[in-house]
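Hi everyone, thanks for making time this morning. Let me put the structure up, and then we can walk through it together.

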Amino acid sequence: MKKTVRISFEGKTYDVEVEVLDSTAAAPVAAAPVAAPAAAAPTAPAAPAGAGTEVKCPLAGSVFKLKVKVGDAVQVNQEVAIIEALKMENPVVAPCSGKVTSIAVKETDTVVDGQVLMTIA
(Lines give C-alpha, C1' and ligand atoms only; values in the text may rest on other atoms or scores of the structure.)
Protein backbone atom coordinates (compact mmCIF):
# COMPACT_ATOMS: atom_id res chain seq x y z
CA MET A 1 0.00 0.00 0.00
CA LYS A 2 1.39 3.44 -0.92
CA LYS A 3 0.89 6.58 1.13
CA THR A 4 1.87 10.19 0.67
CA VAL A 5 3.79 11.79 3.53
CA ARG A 6 4.59 15.50 3.92
CA ILE A 7 8.10 16.22 5.21
CA SER A 8 9.55 19.60 6.17
CA PHE A 9 13.32 20.02 5.99
CA GLU A 10 15.29 23.25 6.41
CA GLY A 11 12.20 25.37 5.86
CA LYS A 12 11.07 23.54 2.70
CA THR A 13 8.11 21.17 2.48
CA TYR A 14 8.17 18.01 0.39
CA ASP A 15 5.40 15.53 -0.43
CA VAL A 16 6.92 12.05 -0.58
CA GLU A 17 5.23 8.84 -1.67
CA VAL A 18 6.20 5.81 0.46
CA GLU A 19 5.26 2.17 0.35
CA VAL A 20 3.98 0.76 3.65
CA LEU A 21 4.95 -2.87 4.23
CA ASP A 22 2.91 -5.10 6.51
CA SER A 23 4.60 -6.52 9.62
CA THR A 24 4.64 -10.13 8.34
CA ALA A 25 6.78 -9.17 5.34
CA ALA A 26 9.37 -7.39 7.49
CA ALA A 27 9.87 -10.17 10.07
CA PRO A 28 11.68 -12.70 7.85
CA VAL A 29 14.02 -9.99 6.58
CA ALA A 30 15.03 -9.02 10.12
CA ALA A 31 15.54 -12.65 11.18
CA ALA A 32 17.83 -13.63 8.29
CA PRO A 33 20.83 -11.39 9.13
CA VAL A 34 20.82 -12.53 12.77
CA ALA A 35 21.82 -16.07 11.80
CA ALA A 36 24.96 -15.05 9.89
CA PRO A 37 26.86 -13.30 12.75
CA ALA A 38 26.00 -16.12 15.16
CA ALA A 39 27.62 -18.64 12.81
CA ALA A 40 30.78 -16.54 12.51
CA ALA A 41 31.12 -15.87 16.26
CA PRO A 42 32.50 -19.28 17.37
CA THR A 43 35.55 -18.98 15.12
CA ALA A 44 36.56 -15.50 16.37
CA PRO A 45 37.27 -16.37 20.05
CA ALA A 46 39.86 -18.97 19.04
CA ALA A 47 42.00 -16.32 17.30
CA PRO A 48 43.59 -14.60 20.30
CA ALA A 49 46.60 -16.53 21.53
CA GLY A 50 49.91 -15.54 23.03
CA ALA A 51 50.34 -11.77 23.25
CA GLY A 52 46.74 -10.93 22.40
CA THR A 53 44.74 -9.18 19.72
CA GLU A 54 45.11 -5.46 19.16
CA VAL A 55 41.98 -3.33 18.90
CA LYS A 56 42.83 -0.62 16.37
CA CYS A 57 41.18 2.74 15.80
CA PRO A 58 39.07 2.66 12.61
CA LEU A 59 39.40 6.42 11.90
CA ALA A 60 41.10 9.61 13.09
CA GLY A 61 39.34 11.52 15.83
CA SER A 62 39.32 11.68 19.61
CA VAL A 63 38.48 9.10 22.25
CA PHE A 64 35.01 10.12 23.42
CA LYS A 65 34.41 7.19 25.79
CA LEU A 66 36.16 4.00 26.89
CA LYS A 67 33.49 1.44 27.73
CA VAL A 68 35.82 -1.16 29.32
CA LYS A 69 38.69 -1.28 31.84
CA VAL A 70 41.79 -3.45 32.06
CA GLY A 71 40.71 -6.85 33.34
CA ASP A 72 37.17 -6.69 31.90
CA ALA A 73 35.92 -9.71 29.96
CA VAL A 74 34.57 -8.83 26.50
CA GLN A 75 32.70 -10.71 23.82
CA VAL A 76 33.29 -10.55 20.07
CA ASN A 77 31.55 -7.47 18.56
CA GLN A 78 31.00 -5.88 22.00
CA GLU A 79 31.36 -2.09 21.94
CA VAL A 80 34.59 -1.23 23.77
CA ALA A 81 35.10 2.45 22.88
CA ILE A 82 33.55 5.41 21.06
CA ILE A 83 35.61 7.63 18.76
CA GLU A 84 34.31 11.12 17.99
CA ALA A 85 35.07 12.34 14.47
CA LEU A 86 33.37 15.20 12.64
CA LYS A 87 30.92 15.54 15.56
CA MET A 88 29.76 11.93 15.07
CA GLU A 89 30.15 9.14 17.61
CA ASN A 90 31.64 6.01 16.02
CA PRO A 91 31.63 2.73 17.94
CA VAL A 92 34.71 0.52 18.16
CA VAL A 93 33.95 -3.16 18.73
CA ALA A 94 36.05 -6.03 20.03
CA PRO A 95 37.42 -8.21 17.20
CA CYS A 96 37.43 -11.26 19.51
CA SER A 97 36.33 -12.49 22.90
CA GLY A 98 38.73 -12.40 25.83
CA LYS A 99 40.01 -10.18 28.62
CA VAL A 100 41.24 -6.60 28.19
CA THR A 101 44.95 -6.79 29.07
CA SER A 102 45.99 -3.20 28.30
CA ILE A 103 44.53 0.14 27.24
CA ALA A 104 46.88 2.49 25.36
CA VAL A 105 44.68 5.62 25.32
CA LYS A 106 42.53 7.67 27.67
CA GLU A 107 39.33 9.64 27.09
CA THR A 108 39.88 12.90 25.18
CA ASP A 109 43.11 11.59 23.53
CA THR A 110 43.50 12.39 19.84
CA VAL A 111 43.93 9.19 17.79
CA VAL A 112 44.77 8.33 14.19
CA ASP A 113 43.52 5.63 11.85
CA GLY A 114 45.12 2.28 12.74
CA GLN A 115 46.39 3.34 16.17
CA VAL A 116 46.24 0.62 18.82
CA LEU A 117 43.59 1.46 21.42
CA MET A 118 43.77 -1.67 23.57
CA THR A 119 44.79 -5.34 23.62
CA ILE A 120 42.53 -8.33 24.28
CA ALA A 121 43.91 -11.75 25.21
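Thr108 counts as exposed, because its relative accessibility is 64% and the cut-off for exposed is over 50%. Keep in mind that this is a predicted model. You'll find Thr108 in the loop between strand E8 (98-103) and strand E9 (110-111). As a reminder, most residues other than glycine have a negative phi.

Lys87 has a positive phi too, of about 60°, and again this is not a glycine. Lys87 sits in the loop between E6 and strand E7 (88-93), and with a relative accessible area of 81% Lys87 is exposed.

Now let's go inside. The largest nonpolar core is made up of 18 residues. Those with the most contacts inside this core are Val74, Val80, Ile83, Val92, Val111 and Leu117. Strands E4 (61-66), E6 (79-85) and E10 (116-120) are the elements that give two or more residues to the core. Take Val111: leaving aside residues up to four places away in sequence, Val111 touches a list of partners including Cys57, Leu59, Val63, Ile83, Val105 and Leu117.

In soluble globular proteins, nonpolar side chains tend to be buried together. Val5, Ile7, Phe9, Tyr14, Val16, Val18 and Val20 make a nonpolar surface patch of about 540 Å². Strand E1 (2-9) and strand E2 (12-19) each give two or more residues to this patch. Ile7, in strand E1, is partly exposed, at 40% relative accessible area.

Key: Residues numbered from 1 in each chain as written. Predicted model: local features only at pLDDT ≥ 70, side-chain atom pairs only at ≥ 80, totals over all residues. Heavy atoms only, no water. Core = buried A, V, L, I, M, F, W, Y, C linked by side-chain atoms within 4.5 Å. Buried < 20%, exposed > 50% of the residue type's maximum accessible area, 1.4 Å probe, protein only. Helix = DSSP H or I, 4+ residues; strand = E, 2+ residues; numbered from the N terminus. Contact = heavy atoms within 4.5 Å. Patch = residues over 30% accessible without salt bridge, like charges linked within 9 Å, V, L, I, M, F, W, Y side chains within 5 Å. Areas by Shrake-Rupley, 256 points an atom, 1.4 Å probe, with all protein chains shown as cover. Salt bridge = Lys/Arg side-chain N within 4 Å of Asp/Glu carboxyl O.
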